[in-house]
Amino acid sequence: MASTLSNSGISSGSMVETTHITQIVNAFTGTQAYDITLSGSLTVTGSVILNTAINKNFFGTASFVTTSSYTLSASNVSYAYTTSFANNDTTFLEFYHPIGTFNSSSTFYFSDGELVSSGLENIGTVLPFNGLIVSASATSIVNGSTGSYQSSISILSGSTQVQIGDLPYSGKNQTVRNAINIPFTSGSLILCQFVTGNGTTPTNVIHNVILYIKHNG
């Protein structure tokens, strides 16, 4: 069980003990587990790296702008974004999957760290607002040997499927971009699909997809 920060023994005029300081240092450096509760506002100017699932809602009345890197490293069956956006704001959504080697002539689906060949109801990202996916970029990262086949990579939202393009594996990093137009409604499930072609199989591959989304209320 995680500890809690204690003010025991701290009073005006009393001596500052080592334990009074080390508990704070241990809590914010991760040396020891502490439960931290913030009752005021929190401003973050650097990157945010989440190593666990989010179990609280985030609400806002102004625009949401990402100015630094945003990494999701937890594996979630279904990841729901509950942040509020102002109309016509544009943000981005990043999908990726665990490293793997994929046979030719096969179909795979992925979202936030999850990868399946069937059972689409178990993965995907749910956005709680109406919007429009206006463009997308997809990158293949080959950490092993390169291959000769290409993969067709697409975005799925409800019954709509739109292809971003064909990704080759002839180099270590390949990127394809496309201006797309996929409207979606609040509660829609969004995920990615890639279909491998025929040829030499690349090894130890990661796909990364970034969607640019316009909020429409």
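Q: Is asparagine 204 buried, partly exposed or exposed?
A: The relative accessibility of asparagine 204 is 35%. Buried means under 20% relative accessible area and exposed over 50%, with partly exposed in between (1.4 Å probe, protein chains only). This is a predicted model: local features need pLDDT of at least 70, side-chain atom pairs pLDDT 80 or more, while totals for chains, interfaces and linings use all residues. Residues are numbered from 1 along each chain as its sequence is written, side-chain values use heavy atoms without hydrogens or water, and asparagine 204 counts as partly exposed.

Q: What is the phi of asparagine 204?
A: Most residues other than glycine have a negative phi. Asparagine 204 sits in the loop between β14 (188-196) and β15 (205-215); strands are DSSP runs (E, at least two residues), numbered from the N terminus. Its phi is positive, near 55°.

Q: How many residues of strand β11 are buried?
A: Strand β11 covers residues 150-157. It is largely enclosed by the rest of the structure, because the buried residues number six of the eight.

Q: Which residue of β14 stands opposite leucine 156?
A: β11 and β14 run antiparallel, joined by seven bridges. Pairing takes at least two DSSP bridges. Leucine 156 faces leucine 191.

Q: Which residue of β12 stands opposite isoleucine 153?
A: β11 pairs with β12 (residues 160-168) in the antiparallel sense, over eight bridges. Two residues lie between these strands in the hairpin, where glycine 158 has a positive phi near 65°. Opposite isoleucine 153 stands glycine 165.

Notes. Helices (H or I, at least four residues) and strands (E, at least two) are DSSP runs, numbered from the N terminus.
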